[in-house]
Each structure stands twice: as structure tokens, then as C-alpha cells.
Amino acid sequence: TVLFPEFPEIAPPLELRHRLQHSQTLSQIVLAAWQLGLWFARTLVEQELESRAQRPTVWGTCSVCGRRLHSKGFAPRQVLTLVGVVQWRRRIGRCPERCRGRQPVPLDTALGLVAYQQSSWELQRLGCLLALFLPFGLAAWLLAQAGVTQPYQTLPVLRRRVETLPVQNLSLDHDVLSALESTGVRTIADCLKLPRKAFARRFGS
């Protein structure tokens with residue numbers, strides 16, 4: 001059976017195909033198809049990243065000596081994303097004079113990644129929302145279905161991170177933000193301490 005006729009060169013792992021074809025209940029079929037879809041999405045993402053990594057790179061100049069940078073070859077990178085762990089290789093730059101400083105990685109910069117980032121921004125946002133608004137067990141289960149291998153360790157980290165953010169990061173009207181600040185609410189953690197019903201009645205959120 002050809003599951004993806006538009007992409008004949010992509011063959012899903014036998015285990016995933018077997019799980020889908022031998023699922024009994026509707027829930028099992030849906031979850032098996034979800035895992036298969038995640039694998040397919042991850043494969044497409046990795047192929048796209050590999051394609052972009054092969055494009056010609058325009059190197060800037062060294063911030064120390066001003067000489068033109070050049071490539072020192074490809075280095076691997078992996079990031080945990082909403083479709084699982086994505087891996088690819090990209091060019092790393094260096095100064096011909098071996099000046100000290102951060103090695104430029106143009107593709108990482110173009111992708112909006114920062115040095116040592118281990119999880120993608122969309123996964124961090126989703127994890128924060130799940131950690132804040134869903135029961136812990138359900139949030140961990142949803143992250144596990146998305147390919148996060150350690151959801152019980154990931155959720156507390158994301159929650160602590162989002163709680164330190166200022167309330168300006170919330171999509172609230174300016175008047176609501178001003179009212180919150182006037183009552184001493186500065187961070188999302190302060191906001192979460194407020195009674196939900198009273199908060200909704202007063203601010204309509």
C-alpha cells in the first residue's frame with residue numbers, strides 16, 4: 001500500500017504502518033495515524049532543512065579583524081519541535097585569522113534559532129499553554145503524543161519560564177494591562193494567583 005503517492009521516495013517505517021493497519025478501535029487508528037503523520041511531517045522538515053543547508057552561503061566579515069569569514073564545514077544540529085526531534089547539518093563559519101568569538105551559523109540565524117536552543121519556539125509556546133491551562137497528566141500525555149520524550153520533565157521547566165514573563169506578553173487590551181499593573185500584577189505568575197472567575201468578570205478574559 002502506497003500511503004503517500006505524492007512522495008514515492010518517502011517510505012514510512014514498517015512499525016508505524018503495521019500499527020496503523022492492525023489498530024482495532026477508532027482511538028487506536030487515530031493515534032496510529034497521528035504518529036504516522038508526525039513522522040511524515042518530521043521527514044519533510046528535515047528534507048527542507050537539508051535542502052536549504054546546501055544553498056550557497058553569503059559570509060559576512062569577522063567582528064574582530066574585519067576579514068571575510070569562510071566555511072569550516074558542516075556540523076550537526078538537532079532541535080525538539082512540535083513534530084519530534086528534527087536533525088540536520090549546516091555550515092559553520094570561522095575567521096581565517098582564527099579570531100576568538102562566536103562562530104556564525106547563517107542558517108540557524110535565518111531559522112530564528114539561538115545558540116544552544118534545544119526546543120523550537122512553537123513547542124515552547126504550546127508547552128506553556130498546556131502547562132498553564134490543562135491538568136498536568138493530560139498536558140504531559142499530549143506532549144508525549146507530539147514526540148516529546150520526557151514530558152513530565154519538560155512541563156515544569158516551561159511553566160516556570162512562562163511564569164516569569166511580564167503580563168505584557170499576554171494578548172490583552174492596553175486598559176486591562178494598565179489595570180493589572182495598578183493592582184501590583186507584574187508577571188504571568190502574579191496573574192495566575194488571581195481567582196479565575198473574578199478575573200474573568202472584571203477583565204472579560
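This is a predicted model: local features need pLDDT of at least 70, side-chain atom pairs count only at pLDDT 80 or more; totals for chains, interfaces and linings use all residues.
Figure 1. Arginine 19 counts as partly exposed, at 36% relative accessibility. Both residues belong to helix α1, which covers residues 14–21, and because they are 4 residues apart in that helix, about one helical turn separates them. Side chains of opposite charge can pair when their charged atoms come close.

**Figure 2. The chain as a whole, as a setting for the close-up views.** The chain holds 9 helices and 2 strands, and when it is read along the sequence these elements follow the pattern α-α-β-β-α-α-α-α-α-α-α. Of its 205 residues, 31% count as buried. The accessible surface of the chain comes to about 13,300 Å², and 56% of this surface belongs to carbon and sulfur atoms. Among the contacts in the chain with a separation of 6 or more, 50% are between residues 24 or more positions apart.

**Figure 3. Arginine 67 and glutamate 97, a salt bridge between two loops.** The side chains of arginine 67 and glutamate 97 form a salt bridge in which the closest N and O atoms are 2.2 Å apart. This pair links distant parts of the chain, since arginine 67 lies in the loop between α2 and β1 (70–81), whereas glutamate 97 lies in the loop between β2 (84–94) and α3 (106–110), 30 residues apart. Arginine 67 is partly exposed, with a relative accessible area of 42%, and glutamate 97 likewise counts as partly exposed, at 44%. By the rule used here, the count of salt bridges comes to 6.

Figure 4. Glutamate 48 meets arginine 55 in a salt bridge, with 3.9 Å from N to O. Glutamate 48 is partly exposed, with a relative accessible area of 35%, and arginine 55 is also partly exposed, with a value of 45%.

**Figure 5. The largest nonpolar core of the model.** Leu38, Leu49, Ala53, Val79, Val83, Val86, Trp88, Leu107 and Leu113 make up this core, which has 9 residues in all. Helix α2 and strand β2 each supply at least two of its residues, and the largest share, 3 residues, comes from α2. Apart from this core lies another one of 6 residues, among them Val167, Leu177, Leu180 and Cys191. In soluble globular proteins, nonpolar side chains tend to be buried together.

**Figure 6. A nonpolar patch on the surface.** Leu26, Ile29 and Val30 form a nonpolar patch on the surface, and together they have about 280 Å² of accessible area. Valine 30 has its place in helix α2, which covers residues 26–53. With a relative accessible area of 47%, valine 30 is partly exposed, because this value falls between the cut-offs of 20% for buried and 50% for exposed residues.

Figure 7. Arginine 98 is exposed, with a relative accessible area of 58%. Tyrosine 116 is another residue other than glycine with a positive phi, near 65 degrees, and tyrosine 116 is found in the loop between α3 and α4 (121–133). At 81% relative accessibility, tyrosine 116 counts as exposed.

**Figure 8. Serine 119, a buried residue in a loop.** Serine 119 has its place in the loop between α3 and α4. With a relative accessible area of 18%, serine 119 is buried, because the cut-off for this term is under 20%. When its neighbours within four places in sequence are left aside, serine 119 is in contact with Val79, Leu80 and Gln124.

Technical notes: Residues are numbered from 1 along each chain as its sequence is written. Side-chain values use heavy atoms; hydrogens and water are left out. Patches are made of residues with over 30% relative accessible area and no salt bridge: like charges are joined within 9 Å, nonpolar side chains (Val, Leu, Ile, Met, Phe, Trp, Tyr) within 5 Å. Accessible areas come from the Shrake-Rupley method with a 1.4 Å probe; for residues, only the protein chains shown count as cover. A salt bridge is a side-chain nitrogen of Lys or Arg within 4 Å of a carboxyl oxygen of Asp or Glu. Buried means under 20% relative accessible area, exposed over 50%, partly exposed in between (1.4 Å probe, protein chains only). A nonpolar core is a set of buried Ala, Val, Leu, Ile, Met, Phe, Trp, Tyr and Cys residues joined through side-chain atoms within 4.5 Å. Contact means heavy atoms within 4.5 Å.
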